[in-house]
Amino acid sequence: MLLDLNHGSDFIYGRPTQGEGPAARINALIDAALTAEREHTPPRDYLGASRIGEPCARRLVYEITHAPPDEGCEVDAAALRIFEAGHLFERLSARWLRAAGFDLRTERRDGSQFSFSAAGGRLRGHIDGVIVDGPAIGIAWPALWEHKALNAKSWNDLVKRGLAASKPIYFAQVQLYMAYLEVETTFFTALNKDTQALHHEVVALDPAQAQALSDKAVAILRAAESGELLPRIAAASDFYLCRACPYARRCWEAGA
Ligand code: SF4
């Protein structure tokens, strides 16, 4: 006799669970727990380097002033699971790099993350690590280390087009890190979440880009402090970035 161990669970592999069965109830409990955890985490009171490459400065003002996103656009549990999984993939890649002989430090001696703070603490960044030595691969150490775990489509695009063209937000992030931490090279690692394949890219500091990003950060912080909104990135709400923006309703219903 064959037993269906999945019988009645309403679980179908590869598909989100729906309905009222045990699997749907388990997932609802997990999502509620993660959402509650997030609600108890104080929001950032600073502009993070990881966001400075966001093309719309007005959106960044909304973010750092903690404007509530439009209804239905809040960060959901699915996104929280993806964020947390990203940290686990990062630890895996770090282990593999160390096994290959790279002296990768992901925390200071006191256990804290490598970071910078500027503008009285209103602009900050936390780098994933620093490689202080390693095999002779044509890189002068030290190099900052930044890691991202990407889905296959996003990873393939990165491999094809490079960081600056494919992932300008990550490119901006590492430019700001290099400028403020005074290290001229970043070793960027991207893990393909579907296959665990790794891609590495060496990114050099571009002082002009870093200065422009720093100036942008100052403009955003000034606007936030004075209660102003910066200009919209587009002239109409059907612009592709606005269609994906969690503040679109708030933004386009505002006067200016
Ligand atoms: S809706 Fe468009 S213009 Fe407004 S904040 Fe979002 S991205 Fe910027």
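Predicted model: local features only at pLDDT ≥ 70, side-chain atom pairs only at ≥ 80, totals over all residues.
**Ground rules.** I number residues from 1 along each chain as its sequence is written. Local features need pLDDT of at least 70 and side-chain atom pairs count only at pLDDT 80 or more, while totals for chains, interfaces and linings use all residues, and side-chain values use heavy atoms, with hydrogens and water left out.

**Overall.** I got 9 helices and 8 strands for the protein. Helices (H or I, at least four residues) and strands (E, at least two) are DSSP runs, numbered from the N terminus. The C-alpha trace spans about 70 × 55 × 40 Å along its principal axes. Of the 256 residues, 38% count as buried; that label means under 20% relative accessible area, with exposed over 50% and partly exposed in between (1.4 Å probe, protein chains only). I also looked up contacts, meaning heavy atoms within 4.5 Å. Among those with a separation of 6 or more, 62% come from residues 24 or more positions apart.

**The sheet.** I traced an open sheet of 5 strands with mixed pairing, in the order E2-E5-E6-E7-E8. Two strands pair if DSSP finds at least two bridges between them. Strand E2 (103-105) and E8 stand at the edges with a single partner strand each, so one side of each has no neighbour in the sheet. Neighbouring strands are turned by 30° against each other on average, direction ignored. Axes here are lines fitted to C-alpha atoms, for helices over the stretch in contact, and angles run from 0 to 180 degrees between N-to-C directions.

**Strand by strand.** Strand E5 (residues 129-133) runs antiparallel to E6, with 3 bridges, and Gly129 sits opposite Trp145 in E6. E6 and E7 are parallel and joined by 7 bridges; Lys148 has Ala190 of E7 as its bridge partner. E7 then pairs with strand E8 (residues 198-204) in the antiparallel sense, over 7 bridges, where Leu191 stands opposite Leu198. The E7-E8 hairpin has 5 residues between the strands, and Gln196 takes a positive phi near 65° there.

I checked how covered E7 is: 8 of its 8 residues are buried.

Helix H3 (residues 77-99) lies across E2, E6, E7 and E8, at about 130° to E6. H6 lies across E6, E7 and E8, at about 160° to E6.

**Cores.** A nonpolar core is a set of buried Ala, Val, Leu, Ile, Met, Phe, Trp, Tyr and Cys residues joined through side-chain atoms within 4.5 Å. Which members of the largest one touch the most others? Of its 35 residues, I found Leu47, Ile52, Leu123 and Ile220. Elements giving two or more residues to this core include helix H2 (57-64), helix H6 (168-181) and strand E7 (185-192). Another core, of 10 residues, lies apart from it and has Phe102 and Trp141 among its members.

**Ligand.** I listed the residues around the ligand (a heavy atom within 4 Å): Cys56, Arg59, Tyr62, Arg232, Ile233, Cys242, Cys245, Ala248, Cys251 and Trp252. H2 and helix H9 (248-253) each supply at least two of the shell residues, and H9 gives the most, with 3. By class the shell has 8 nonpolar, no polar and 2 charged residues. For that tally, Ala, Val, Leu, Ile, Met, Phe, Trp, Tyr, Cys and Pro count as nonpolar, Asp, Glu, Lys and Arg as charged, and the others, Gly among them, as polar.
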